[in-house]
Amino acid sequence: PPPPPPAQGQAPGPTPAASAGASLCICLFDVDRTITARQGAVSSCPGNRELPGVTDIAFGLQSKGPMVLSELGQALGSTFCKRCHKGVVTAGIVGGAGSKERNEVLTALGGPAATLGGAWTEPGAPVKSALVTGAADFHKQDWVRRIVTWMRSEKGLPIQDSQVFFFDDRDGNVPPFANTGFNARQVSCASRDNVIGLCGAKLAEIVEDRGVRDCHRAF
């Protein structure tokens, strides 16, 4: 039989979509040099793991090589994000549709159940998932907003802006999150390759801190 209606003055319970599975928060990550590390740099990044047979084409053919998982990429489930939905907002294509790289990234995030279905939004397409590719650097806050809007309208998840956490290695991608209501933090701060990360995110950098902070200061 259907559940009884709420008593007068009592708020209705959460919808099935909102109450099932993860807590009502989401962790969104860049991929290249955040979940991954520089190809061929395993010797410079103790603890990172190379995946033979999985090609990473990030940053052009001159950088092409076996995919390397950062500390985060190997143990994302040990961070506070384990109780949140998860997704990506990346400027790259993560190897392209059907690639082994996408499979590895999806596995690192916890699979389809952790990512609201596991579908990918391709570059230039309307957001229809929590895995967004082709999101322009310095404008990733706009793509995060689109994911949150999609979660609310299409998934029935009334997520609050304050429960959105974004992590990215590139200089300049975190400051634009100031005054959005979202939380954002730069990672791979101890290992740099010019304006991007080298070894990728450390587990210690994936924290439930509020606000917006790059490697040098808060905004």
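Residues are numbered from 1 along each chain as its sequence is written, and side-chain values use heavy atoms, with hydrogens and water left out.

**The whole chain**
- You will find four helices and eleven strands here; these are DSSP runs numbered from the N terminus, with helices (H or I) of at least four residues and strands (E) of at least two.
- Take the contacts (heavy atoms within 4.5 Å) between residues at least 6 apart in sequence: 64% of them join residues at least 24 apart.

**Strand E1 and its partners**
- Strand E1 covers residues 23–29, and five of its seven residues are buried.
- Strands count as paired if DSSP finds at least two bridges between them.
- E1 pairs with strand E4 (residues 84–89) in the parallel sense, over five bridges, and here isoleucine 26 stands opposite histidine 85.
- E1 also runs parallel to strand E7 (residues 164–168), joined by four bridges; cysteine 27 has phenylalanine 165 of E7 as its bridge partner.

**Helix H3, a helix with two faces**
- In H3 (residues 100–109), the buried residues are Glu101, Arg102, Val105, Leu106, Ala108 and Leu109.
- These residues lie on the same side of H3 because they cover an arc of only 160° around the axis, judged by the directions from the helix axis to the C-beta atoms.
- A handy rule is that an α-helix has 3.6 residues a turn, so residues three or four places apart point the same way.
- Lys100 and Thr107 are exposed, on the face turned away from the buried side of H3.
- Glycine 110 follows H3 and has a positive phi, near 115°.

**How confident is the prediction?**
- The pLDDT, which is the predictor's confidence in each residue from 0 to 100, averages 91 over the chain, and 89% of the residues score at least 70.
- Among the elements of the chain, E7 has the highest mean pLDDT (99) and helix H1 (residues 16–19) the lowest (39).
- Over residues 5–20 the pLDDT is below 50, and this stretch has ten contacts in the model beyond near neighbours in sequence.
- Where pLDDT is low, the predicted coordinates should not be read in detail.

Terms used:
Predicted model: local features only at pLDDT ≥ 70, side-chain atom pairs only at ≥ 80, totals over all residues. Buried < 20%, exposed > 50% of the residue type's maximum accessible area, 1.4 Å probe, protein only.
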